[in-house]
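Here's a quick briefing on one chain of a model and the face it shows to its partner. Have a look at the structure first, then read on.

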Amino acid sequence: MQLPIISVLVFLPMLGIVPLLFLDQKNDKVLKGYTLALSLAEFLLSLRLWFGFNEAEAGMQFVERYNWFPQYGISYYVGVDGFSLLLILLATFLTPICVLATWEDVQYRVKEFMICLLFMLSGMIGVFVSLDMFLFYVFWELQLIPMYLLIGVWGNPARRVYAAIKFFLYTMFGSLLMLVAILVLYFYHGKVTGNYTFDLLQMYGLSIPFNLQFWMFLAFALAFAIKVPMFPFHTWLPDAHTEAPTVGSVILAAVLLKMGTYGFLRFNMPLFPEAAHYFVPLFCILAVIGIVYGALVSMVQPDLKRLIAFSSVSHLGFVMLGLFAFNMQGVQGGVIQMINHGLSTGALFLIVGCIYERRHTRMIAEFGGLSTPMPIFATIFMIVALSSIGLPGLNGFVGEFLILLGAFQVNKLYAGISATGVIFAACYMLWMFQRVMFGQVTNEKNLNLPDLSWREIGYFVPLLLFIVWIGVYPNTFLRKTEATTAQFVAKMEKAKGAKVTLSHLFKGEAR
Amino acid sequence: MTITIPSFNLSSIGPWLTLTLAAVLILLVDAFSPKGRKGIFPLIALAALAAAAWQTYGLWGKVGTDFSRMVYLDNFAFYFYLIILLGTGLTILLSPHYLEEFGKNLGEYYALVLFAATGMLLMAASAHFIMIFLGLEIMSIAVYVLAGLFREDPRSNEAALKYLVLGAFASGFLLFGMAMLYGASGGTLYLNELAGKLGSLAALTKPLTLLGLALIIVGFGFKVASVPFHMWTPDVYEGAPTNVTAFMAVGVKAAAFAAFARVMFQVFPDFTVQWNMVLWVLAVATMTLGNVVAIAQTNIKRMLAYSSIAHAGYLMVALVAANQLGAVSLLYYLLAYTLMNVGAFAVVILVGRKKDSYLNIYDYSGLGFQHPALAATMAIFMFALAGVPPTAGFVGKFYIFSAAVQAGYIWLAIIGVLNSLVSVYYYLRITVLMYMRPAEAELGPIPFTYGLTLAVALTAVATLAIGIFPNFFYNMAVNSVRIFPGLTG
């Protein structure tokens, strides 16, 4: 019998919590060691997906399906395609790194922290593999709880509760409206086909009247746009990032934000293709605003974490722009940029975490000349910063280049304005780097900072490896997404012909 | 002159008889046994509830009426039997230790609870308006007394008096409404006959019918604590002993909804156009007021009181939907609500200790790491009440809003989910306090007694279990609502 690899990936971390409960509360190292071992095992298992994945196949692979709630058309239905494969691997890849990063950082309630982390991992994978809308919604909500606790319990004492609640309420707001939309879709599908099901792939086949698509698209888009976060729904992000513990920020930035962009790709666009075309200008403009605004606001942040948080708004704007180009380059670029952002921004948050562990402050003004006491750190920081800027040869360039290429074919104006985002990125990133790392050591406290330990180097090396790998030879990764993207683009192309204007709206029945 | 006694079958009302006999037995044992042998009362009560549940199981699947068409035998009633028996049993589990602290672990308490439960069963199975009224009064009078159980405590007195006075008014409204319907229908109060007589649009739009219906909605609205008839709820819930509050929040509400739903679904299924707008407004007002005001509460019992108002609002959404799924969701949600709400009150009792001295929500600060298991269960209940998956609360809300969407009330569903969002805020605050705030003082030991621990563990596990595997109870509910042919969908 074939190993049900996806179910194993989803439930292994969750089941792994049970032995954790019985481990000694006091012995931090054992707790962390256990979690590290478990997450490494999870990563190795997830490699089976990578090697077993058939690149020529556009549809779902490793599919598992069991009846969960047949009367309602709900099933446990999971699978992986080119869009979700890389994101799952990103999640499993980053989790052991996160555990390593907590080694010295988290000293308080270690057991509970590890439980949250494992729970989170299950939730993240669950979101990316669900092909049943009900199942998706369950996982989508489920991963809120551990993240909420991570921010609220282990965050920065001053404002962590505020940030945690804001995070929870914002996300919940969007997702509850999405729930209503899912239900509307469910009943519409049932009425039209006579088959009441939450099966996403069957819903893909549905042709929905435009006025219904219009509202459904908006409802889904709100949930995902908050998560991405797109301008103007981004205000929860800087707070959540700033207050979260290092590892919380890493996971939040690297994986959780991708759930938003992934949601657009998996739900919004294929389910409501005509509406997606109709909304291209709106979303592209929001994405462009996000790119420029995020970059500009980054520039003036005095706090390192806030700076990176706003840079995420900018980077995710690029991803959205790529996805809404609906062509091969744009979408593939968007997908690869999701991974890039996960790697670079994850690494940046880890870097800030390293500084914070040493100095207990993140204010840029407190630093200066760190490259003198910390040369290894400076090197790693430089590479990561450049990758985030999009220097050719590193991963960021590949994603942004493809996205701009895709966007340029559709609308030169958007692409043109967005390209300035790259320039601004260079400004805020390099300026920040200069103020923190270069020059004389101005603050005495920074004189004798220890350089990175072997453990810290240990978790940066794999990140750097992939940063360079994607930068030099992105084909390894692009190949995996190609077939799925082609199918997606073809589907969107077909819907393009349907000309709809606003006059069709508000006419006829909506339900 | 001969009096013919119509034939009847005692087994049709087996559960009622069991509970009544057990209550009488408790009173007798109390009178004739030496003082201090109090441990036996909860055991008798639990045994009686178990027996009643077993009888209900035996009745399951029966269809028909008995006692001169006064009593319905159908799965809709039996499903409610199970909910009510479950709620009562859990209440009994909460009681002995808590009452002991107040020196009130008396036989009459258990007898009153069983009498109230009997009234609730009556309401669930009534086939005639007079039966509904009888059930309502049997239940209410017992509960009035229970609310005033701590008679030395002025708040308990206030609760009892307030509940009594306002409850009497509500009963008056209900009776008056029945009288109107009696007139409008030309002289019958049998539910099935009313359905026939008032089924036509002409009969439905008669002022007399409408007036009767309005008065009945007021009467039921009071019992289920819907806005604007909710004013008594916070004071009564706060003042009454916590175990009684739990009982009121789940048992009374379930029984009132049983009768309310039966009247609406059976007698007025086609009345959609006229009364649904009224119920729509009531549902929205109830949800919104309950949730918004709950945010401002600092007493946990008051907070749960407003939360129970909000939940009445969600349940009314199911009534508005008035379709098959709506009826199913009503049943399922009440079951889920019973579990999670009693669980929450059990934690309140555990944390409250020493004569309820820790009822402020800030007393939960630091609970998360001093008593991790207890806090984890409370977190489960809070997330369940807020409707976060994978709990029973989520599945229940999912059904209710599905029913609303299916019936075309998309705006109502949207208002409903937004209300859940508001509710997240105050439920989440409890978890914030438990996990994210340091304890203001050492919390000290919490007396885990068998009954309370069992109740908490049972409800927590069940809340998760029927949230992840809702099939069984869903199928049961579907089976139960087949008796309402008027429901569409």
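Start with helix α9 (residues 207–224) of chain B: at 1.5 Å a residue, its 18 residues should span 26 Å, and its end C-alpha atoms sit 25 Å apart, which agrees. That expected span is 1.5 Å times one less than the number of residues. This is a predicted model, where local features need pLDDT of at least 70, side-chain atom pairs count only at pLDDT 80 or more, and totals for chains, interfaces and linings use all residues. Residues are numbered from 1 along each chain as its sequence is written, while chains are lettered from A and ligands numbered from 1 in the order in which they are written.

**More on α9**
- Its buried residues (20 or more other C-beta atoms, placed from the backbone, within 10 Å of their own) include Leu213(B), Ile216(B), Ile217(B), Phe220(B) and Lys223(B).
- Just after α9(B), Ala225(B) has a positive phi of about 65°.

**Chain B overall**
- Chain B has 20 helices and two strands, meaning DSSP runs of H or I (at least four residues) and of E (at least two), numbered from the N terminus.
- Of its 489 residues, 61% count as buried.
- The C-alpha atoms of chain B fill a box of roughly 70 × 60 × 40 Å along the principal axes.

**Where chain B meets chain A**
- The contact (C-beta atoms, placed from the backbone, within 7 Å) takes 27 residues from chain B and 25 residues from chain A.
- On the chain B side, α17 (392–406), α18 (410–436) and α20 (471–480) each supply at least two residues.
- The largest share of that side, 13 residues, comes from α18(B).

How values were computed: Contact = placed C-beta atoms within 7 Å. Buried ≥ 20, exposed ≤ 12 C-beta atoms within 10 Å, placed from the backbone.
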